[in-house]
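Hi there,

Here is the structure we talked about handing over. Have a look at it first, and then read on for what turned up.

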Amino acid sequence: MSENNLPDQLPDELVELGVKLCLVLSEEARRYAGEQAPAIRLENAVFTRVTDPSNGLPGYEGVWRDKRAQKCGSLTINSDASFHGEFDLLMLHPRKPGWFIEAITVWGRDGVVKAEPRLLAAV
């Protein structure tokens, strides 16, 4: 078991980055959902080792699931220090009538983190 309390999941050297990315996702969710924003915590994701398709080196993918075991978010950290994550919000945009927020996303590389909602036109 690793010291980060995430046994056989995310290596210790990536936990700090994972926590930071979850914080960014949480802050972005609160911008739109307020107090109704979902809890996005690193320890609630199940990580597995995956192969980075760009170079064949190991990366890690974490998946969040809801109470019905349906996937509601993911976070991938690649071997080249790039990352991408998303978490479902599934709500009408609070300030843009006619728009629906499907998910919030986070991405970047080497300490640069960007985040935004993924919007769809409401029907």
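**What was found**

The chain is built from one helix and six strands. Along the sequence these elements come in the order α-β-β-β-β-β-β. Please keep in mind that this is a predicted model.

**Overall form**

Let me start with the chain as a whole. For 123 residues, a compact globule would have a radius of gyration near 14 Å, and the chain's value of 15 Å agrees with that. Along the principal axes, the C-alpha atoms fill a box of roughly 45 × 30 × 25 Å. Of the 123 residues, 38% count as buried. The chain exposes about 7,600 Å², and carbon and sulfur atoms supply 51% of that area. As for contacts between residues at least 6 apart in sequence, 35% of them join residues at least 24 apart.

**The aromatic pair**

How many aromatic pairs does the structure hold? There is one. The ring centres of Trp64 and Phe87 lie 5.4 Å apart with the planes at 70°, so this pair is edge-to-face. Trp64 sits in strand β2 (residues 58–65) and Phe87 in strand β4, so to speak of sequence, the two are 23 residues apart and the pair links distant parts of the chain. Both Trp64 and Phe87 are buried.

**The cysteines**

A disulfide is a covalent bond between the sulfur atoms of two cysteines. The count in this model comes to zero. The cut-off for a disulfide is 2.5 Å between the sulfur atoms. Cys72 is likewise in no disulfide, with the sulfur of Cys22 as its nearest cysteine sulfur. Cys22 is buried, at a relative accessible area of 3%, and Cys72 also counts as buried, at 13%.

Gly85 lies in strand β4 (residues 82–92). Its relative accessibility is 0%, so Gly85 counts as buried. Beyond residues up to four places away in sequence, Gly85 touches Leu25, Ser74, Leu75, Ile104, Thr105 and Val106. Gly85 and Arg30 are 55 residues apart in sequence, and their C-alpha atoms are 16 Å apart in space.

One of the residues touched by Gly85 is Thr105, which belongs to strand β5 (residues 99–109). Is Thr105 buried or exposed? With a relative accessible area of 8%, Thr105 is buried, since the cut-off for buried is under 20%. Leaving out neighbours within four places in sequence, the contacts of Thr105 include Leu25, Gly85 and Glu86. Lys114, Ala115, Glu116 and Arg118 are also among them.

Ser82 is another residue of strand β4. Ser82 is buried as well, with a relative accessible area of 12%. Which side chain does the side chain of Ser82 meet in a polar contact? The partner is the side chain of Asp80, at 2.6 Å. Apart from neighbours within four places in sequence, Ser82 is in contact with Thr76, Ile77, Gly108 and Arg109.

Technical notes
Residues are numbered from 1 along each chain as its sequence is written. This is a predicted model: local features need pLDDT of at least 70, side-chain atom pairs count only at pLDDT 80 or more; totals for chains, interfaces and linings use all residues. Side-chain values use heavy atoms; hydrogens and water are left out. Helices (H or I, at least four residues) and strands (E, at least two) are DSSP runs, numbered from the N terminus. Buried means under 20% relative accessible area, exposed over 50%, partly exposed in between (1.4 Å probe, protein chains only). Contact means heavy atoms within 4.5 Å. Rings of Phe, Tyr and Trp (its six-membered ring) pair if their centres lie within 6.5 Å; planes under 30 degrees apart count as stacked, over 60 as edge-to-face and the rest as tilted. The radius of gyration is taken over C-alpha atoms; the globule rule is 2.2 Å times the number of residues to the power 0.38. Accessible areas come from the Shrake-Rupley method with a 1.4 Å probe; for residues, only the protein chains shown count as cover. A polar contact is a pair of N or O atoms within 3.5 Å; within protein, one must be able to donate a hydrogen and the other to accept it, and residues adjacent in sequence count only if both atoms are side-chain atoms.
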